[in-house]
Amino acid sequence: TMEELDQLLDQAKKGYEASKQEFPKAGTPEYQSLQTQYVAYLVQRQEFRQAAEDLGIEVAVKDVDEAEDELVKSRFDGNQKEYEKALKQQGLTPEAYRSTLETSVLSQKLYEEVTKDTKVSDQDVLAYYTQNQSQYGTPESRDVRHILIAEKGANGQVDFEKSKAKADQIYAELKSGADFASLAKASSEDPGSKDSGGKLTISRGQTVPEFDKTSFELDQGELSKPVKTQYGYHVIEAVSPVRPAKTTPLDQVKASIRTTLLQQKRNEVMSAWVEDLRKKYDGKVSYAVGYEPPEIPEAPTETQ
């Protein structure tokens with residue numbers, strides 16, 4: 001009814017005022033957009049109610065009471081006054097908000113009924129596990145330390161020739177017994193590692209290709225000659241052995257995958273049901289003059 005729409009718009013206005021925002025004036029595109037959204041909500045709510053009746057679903061007062069108690073408990077630590085205060089800031093009372101809670105409970109009951117027969121097979125789980133291997137494993141990794149030399153030219157960009165010369169000098173000093181950590185702190189241009197003496201823990205494929213290739217080819221304790229990357233020249237030392245890649249066995253993640261897929265499937269089933277419901281009432285919904293949602297224009301073709 002228009003009264004229901006007016007109540008929603010009034011609640012919205014109070015919410016705007018509570019947050020010190022200007023409520024759209026009647027007749028403006030912003031107001032029309034807000035009204036259209038609420039009309040669509042009320043229409044869908046009525047369609048849900050009729051569908052629930054067809055399915056024998058009812059929402060009892062105790063259902064709404066339980067939903068309210070759960071909301072107060074989960075969002076406000078059981079503090080009824082804080083709950084009422086939050087509603088008041090949105091221009092609502094607990095009595096007025098019960099209508100929203102009722103719709104929420106109804107939607108959840110419909111969801112449970114519509115999706116109750118949804119299943120996930122072992123084949124579904126295996127396919128998901130196989131297609132998402134990267135989520136269930138860790139690549140090779142190792143500890144390294146490096147010194148990045150990135151001398152700047154007059155244009156502020158890396159001067160690779162000057163950087164190479166200095167990197168060669170650093171490499172020679174290290175080969176002669178210089179302390180790696182001290183040189184890293186004094187000369188490295190990598191802000192993420194210089195203060196820790198150039199130390200990094202890297203995984204295969206995590207860094208730029210040239211750095212990655214060299215880091216995993218070095219023997220433990222071996223020092224690389226300067227390696228050129230887009231950032232400058234790096235002198236790299238392998239600190240630890242390469243730790244092998246690991247894959248989490250399917251048995252350890254099967255339950256979580258099944259839960260994820262079941263939720264996805266149920267959402268898909270529900271979305272399809274809602275769309276079918278909309279189509280069922282397409283052309284059968286009557287609106288008062290001035291309240292019918294505007295037609296969404298079709299996308300233009302190439303010839304238009």
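**Helix packing and cores in a predicted model**

Mentor: Helix H2 and helix H10 (residues 250–281) pack with their axes 11 Å apart, at an angle of about 100 degrees. The model is predicted, so local features need pLDDT of at least 70 and side-chain atom pairs count only at pLDDT 80 or more, while totals for chains, interfaces and linings use all residues. Residues are numbered from 1 along each chain as its sequence is written, and side-chain values use heavy atoms, with hydrogens and water left out.

Trainee: How are the helices and the angle defined?

Mentor: Helices (H or I, at least four residues) and strands (E, at least two) are DSSP runs numbered from the N terminus. Axes are lines fitted to C-alpha atoms, for helices over the stretch in contact, and angles run from 0 to 180 degrees between N-to-C directions.

Trainee: Are H2 and H10 roughly parallel or roughly perpendicular?

Mentor: H2 and H10 are roughly perpendicular to each other; that term covers 65 to 115 degrees, with under 35 roughly parallel, over 145 roughly antiparallel and the rest oblique.

Trainee: Which residues make the contact?

Mentor: H2 contributes Gln-44, Glu-47, Phe-48, Gln-50, Ala-51 and Asp-54, and H10 contributes Trp-273, Val-274, Leu-277, Arg-278, Lys-280 and Tyr-281. Contact means heavy atoms within 4.5 Å. By class, the residues of this contact are six nonpolar, two polar and four charged. Ala, Val, Leu, Ile, Met, Phe, Trp, Tyr, Cys and Pro count as nonpolar, Asp, Glu, Lys and Arg as charged, and the others, Gly among them, as polar.

Trainee: What about H4 and H5?

Mentor: H4 and H5 pack at an angle of about 85 degrees, with their axes 10 Å apart, and are therefore roughly perpendicular to each other. Tyr-83, Glu-84 and Leu-87 of H4 meet Pro-94, Tyr-97 and Leu-101 of H5. This contact has five nonpolar, no polar and one charged residues.

Trainee: Which residues of H5 are buried, and what do they pack against?

Mentor: Pro-94, Leu-101, Thr-103, Val-105, Leu-106, Leu-110 and Tyr-111 of H5 are buried. Buried means under 20% relative accessible area, exposed over 50%, and partly exposed in between (1.4 Å probe, protein chains only). The buried residues of H5 pack against H2, H3, H4 and H10.

Trainee: And which residues are buried in H3?

Mentor: In H3 they are Asp-63, Val-64, Glu-68, Leu-71, Val-72 and Phe-76, and these buried residues pack against H4 and H5.

Trainee: What follows H3?

Mentor: Asp-77 follows H3 and lies in the loop between helix H3 (61–76) and helix H4 (80–89). Asp-77 has a positive phi of about 50 degrees although it is not a glycine. Most residues other than glycine have a negative phi. At 75% relative accessibility, Asp-77 counts as exposed.

Trainee: Switching topic, what makes up the largest nonpolar core?

Mentor: The largest nonpolar core has twelve residues, among them Ile-147, Ala-167, Tyr-171, Phe-180, Leu-223 and Val-235. Such a core is a set of buried Ala, Val, Leu, Ile, Met, Phe, Trp, Tyr and Cys residues joined through side-chain atoms within 4.5 Å. Strand E2 (141–149), helix H7 (160–175), helix H8 (180–187) and strand E5 (232–238) each supply at least two residues of this core. The largest share, four residues, comes from H7.

Trainee: Which residues does Tyr-171 touch?

Mentor: Tyr-171 touches Leu-223, Ser-224, Lys-225, Pro-226 and Val-235, not counting residues up to four places away in sequence. A second, separate core of eleven residues includes Phe-48, Ala-52, Leu-277 and Tyr-281.
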